[in-house]
Amino acid sequence: MLTFRYGIILIAAIIILFSLWYRERYALRVRKYSVCLANLPEGLAGFTVLHLSDLHGKRFGKAQQKLLYLIRQQQFDMIAITGDLVNKFNPDFGPAVELIEQLPDKPVYFVPGNHEWTTGFRQREKLVQLGVRILDNKAERVGEDEGYLWVLGVDDPHTGRDRLDEALKAAGEEPGASPAPRVLLAHSPNIFPEAAAAKVDVVLAGHTHGGQVRFPLVGAVFTPGQGLFPRWNYGRYQSGPSTMIINPGLGESDLPIRLNIKPEIVLVTLLPADRNQERKIIYGRGC
């Protein structure tokens, strides 16, 4: 009788735990960052990037309406998607198309992730048809001559397709020109040492899912490409003048669970730093 009772308690505990894990998979939240740049043109003060990552073929309500409702409440100037729109186990591109087709009318930039390449990146043509700008080791200038920045993108670092030197070359400045801010999109945060060495201003990355399961005090225990106790797994990182922000993503790749790391949409706002002082990074406030 006692054994039966303990068995019932154990089964109930497992059901409750998995219910919490499953519910957290859909508990969307918004996270905002401010990055202060000494070289930001005045006309781009407050320029905000909506950063999405790692959808993995997941739906948030019918036709992505729950996700789109949250996105439409935000103010931003461009959209960056850092890979893994699909899942290698179920490469259905429908959920991504539903999302992209209904995004607000802003420029959309995309860099591929490892799951795109695992499925042969068959989504490329459809992305182009949807008006998405694919930055696979390329760069584009955003803004007017009197105030602009460069958006760079590298192909997937996790599968060794990244060529930051090519993207940097594409964003080369004319001799004598004042250096414009450079925002780099990359699927994996492993690009950060190379980007920091090149003094890239901002790196936006995904891939890690924030570890997908996080423990108090410890944080992420494992991420693909970094292994146990990963150095870069979630949030903001700094190396000299370079800032990296890792988005924990919207979906999951292997196990359909999340613990202590909800799916996020991320907003990154660029603000002018005091040019007479050392560059400052201020969380969620002005410079």
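Asp 155 is buried but forms no salt bridge, and the nearest side chain of opposite charge, that of Arg 161, is 4.9 Å away. The model is predicted. Its chain has 287 residues, of which 52% are buried, and its secondary structure amounts to 7 helices and 16 strands.

**Overall chain**

- Of the contacts with a separation of 6 or more, 72% are between residues 24 or more positions apart.

**Asp 155 and Asp 156, in the loop between β7 and α6**

- Asp 155 is located in the loop that runs between β7 (147–153) and α6 (164–170), and Asp 156 is found in that loop as well.
- The separation of 4.9 Å between Asp 155 and Arg 161 does not qualify as a salt bridge, because the cut-off is 4 Å between a side-chain nitrogen of Lys or Arg and a carboxyl oxygen of Asp or Glu.
- The side chain of Asp 155 does make a polar contact of 2.8 Å with the side chain of Trp 117.
- Beyond four places in sequence, Asp 155 touches Pro 112, Trp 117, Leu 135, Asp 136, Asn 137, Arg 161 and Asp 162.
- Asp 156 counts as buried because its relative accessible area is 0%.
- The side chain of Asp 156 has a polar contact of 2.7 Å with the side chain of Thr 159, and a polar atom of the Asp 156 side chain lies 3.1 Å from the backbone nitrogen of His 158.
- With neighbours within four places in sequence set aside, the residues in contact with Asp 156 include Pro 112, Gly 113, Asn 114, Trp 117 and His 187.
- The C-alpha atoms of Asp 156 and Ala 186 are 6.8 Å apart in space, although the two residues are 30 apart in sequence.

**Glu 116, in helix α4**

- Glu 116 belongs to helix α4, which spans residues 114–118.
- Glu 116 is buried and lacks a salt bridge; Arg 161, the nearest side chain of opposite charge, is 10 Å away.
- The backbone nitrogen of Gly 113 is reached by the side chain of Glu 116 at 2.7 Å.
- Apart from residues up to four places away in sequence, Glu 116 touches Gly 83, Asp 84, Leu 85, Val 86, Phe 110, Phe 121 and Gln 123.

**Packing of helix α3**

- In helix α3 (residues 94–101), Pro 95, Ala 96, Val 97, Leu 99 and Ile 100 are buried.
- These buried residues pack against β2 (47–52), α2 (65–72), β3 (78–81) and α5 (124–129).

- Asp 54, although not a glycine, has a positive phi of about 55°; Asp 54 is in the loop between β2 and α2 and counts as buried because its relative accessibility is 0%.
- His 209, also not a glycine, has a positive phi of about 60°; His 209 is in the loop between β9 (202–205) and β10 (214–215) and is buried, with a relative accessible area of 4%.

**Nonpolar surface patch**

- Phe 215, Leu 217, Val 218, Phe 222, Leu 228 and Phe 229 form a nonpolar patch on the surface, and together they have about 730 Å² of accessible area.

How values were computed
Residues are numbered from 1 along each chain as its sequence is written. This is a predicted model: local features need pLDDT of at least 70, side-chain atom pairs count only at pLDDT 80 or more; totals for chains, interfaces and linings use all residues. Side-chain values use heavy atoms; hydrogens and water are left out. Helices (H or I, at least four residues) and strands (E, at least two) are DSSP runs, numbered from the N terminus. Buried means under 20% relative accessible area, exposed over 50%, partly exposed in between (1.4 Å probe, protein chains only). Lys and Arg count as positive and Asp and Glu as negative; His and the chain ends are not counted. A polar contact is a pair of N or O atoms within 3.5 Å; within protein, one must be able to donate a hydrogen and the other to accept it, and residues adjacent in sequence count only if both atoms are side-chain atoms. Contact means heavy atoms within 4.5 Å. Patches are made of residues with over 30% relative accessible area and no salt bridge: like charges are joined within 9 Å, nonpolar side chains (Val, Leu, Ile, Met, Phe, Trp, Tyr) within 5 Å. Accessible areas come from the Shrake-Rupley method with a 1.4 Å probe; for residues, only the protein chains shown count as cover.
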